[in-house]
Amino acid sequence: MSTSLSKDALDQLFLEARTHNAWLDKDVPDSLLTQVWDLARWAPTSMNCNPVRIAFVKSAEAKEKLKACLSEGNIEKTMKAPVTAIIAQDPKFYVNMPKLFPSFPGAADLFESSPDLSSETAHRNTTLQGAYFILACRALGLDCGPMSGFDNAKVDDVFFKDSNFKSNFLCNIGYGDSAGLYDRNARPAFDEVCTVL
């Protein structure tokens with residue numbers, strides 16, 4: 001990791017990448033979603049806890065269930081997206097830590113006995129993994145439309161009723177239609193948000 005990525009790669013991941021609201025009618029195969037996860041799973045997490053859980057909403061039946069959970073402004077673009085990923089967290093992520101972080105045998109007990117620490121860790125690391133998930137999608141040629149604007153409790157009831165998983169955010173995935181893009185808004189400059197101490 002001693003060299004920078006090419007300009008083309010930086011454009012695809014960051015500089016030219018956009019949040020898409022309109023989608024081409026082009027399928028995203030399950031095999032590509034598997035490839036996305038095979039990249040995203042290498043995201044760093046606290047003590048390798050890996051609390052993220054992802055439900056890929058693709059079928060017409062699943063989309064109808066999701067539709068009832070969405071804010072009005074997110075319905076059309078989400079129904080037209082080939083896939084919507086529900087980025088969720090497993091509050092009991094720690095049950096897997098003996099396998100994922102064997103160098104600390106007491107890790108599972110630490111989190112199980114500290115609900116506040118467990119909740120905070122799950123949320124922070126799921127959000128981090130979700131960001132890596134977006135980069136993995138972009139790296140493999142997919143466009144993304146991450147969003148809030150949904151009823152978390154409804155999503156959890158509909159999609160995670162048989163588990164403890166809690167939704168964090170949604171991410172539409174597919175091949176974006178550039179005709180649906182808005183003008184790009186500004187971002188803060190380094191000296192507006194950063195401090196070197």
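**Exercise 1: around a cysteine**

Find what Cys137 touches, leaving out residues up to four places away in sequence. Solution: Cys137 meets Val36, Leu142, Cys144 and Ile173, where a contact means heavy atoms within 4.5 Å. Before going on, note that this is a predicted model, with local features needing pLDDT of at least 70, side-chain atom pairs counting only at pLDDT 80 or more, and totals for chains, interfaces and linings using all residues. Residues are numbered from 1 along each chain as its sequence is written, and side-chain values use heavy atoms, with hydrogens and water left out.

**Exercise 2: the cores**

Work out which residues of the largest nonpolar core touch the most other members. Solution: start from the definition, a set of buried (under 20% relative accessible area, 1.4 Å probe, protein chains only) Ala, Val, Leu, Ile, Met, Phe, Trp, Tyr and Cys residues joined through side-chain atoms within 4.5 Å. The core holds 19 residues, and Val28, Phe133, Cys137, Leu142, Cys171 and Ile173 top the list for touching other members. Helices (H or I, at least four residues) and strands (E, at least two) are DSSP runs, numbered from the N terminus. Finally, another core of 14 residues lies apart, with Cys69, Leu70, Ile75 and Phe150 among them.

**Exercise 3: the whole chain**

Count the helices and strands, then look at the overall extent. The C-alpha trace spans about 55 × 45 × 35 Å along its principal axes. Lastly, 39% of the 197 residues count as buried.

How values were computed
Buried means under 20% relative accessible area, exposed over 50%, partly exposed in between (1.4 Å probe, protein chains only).
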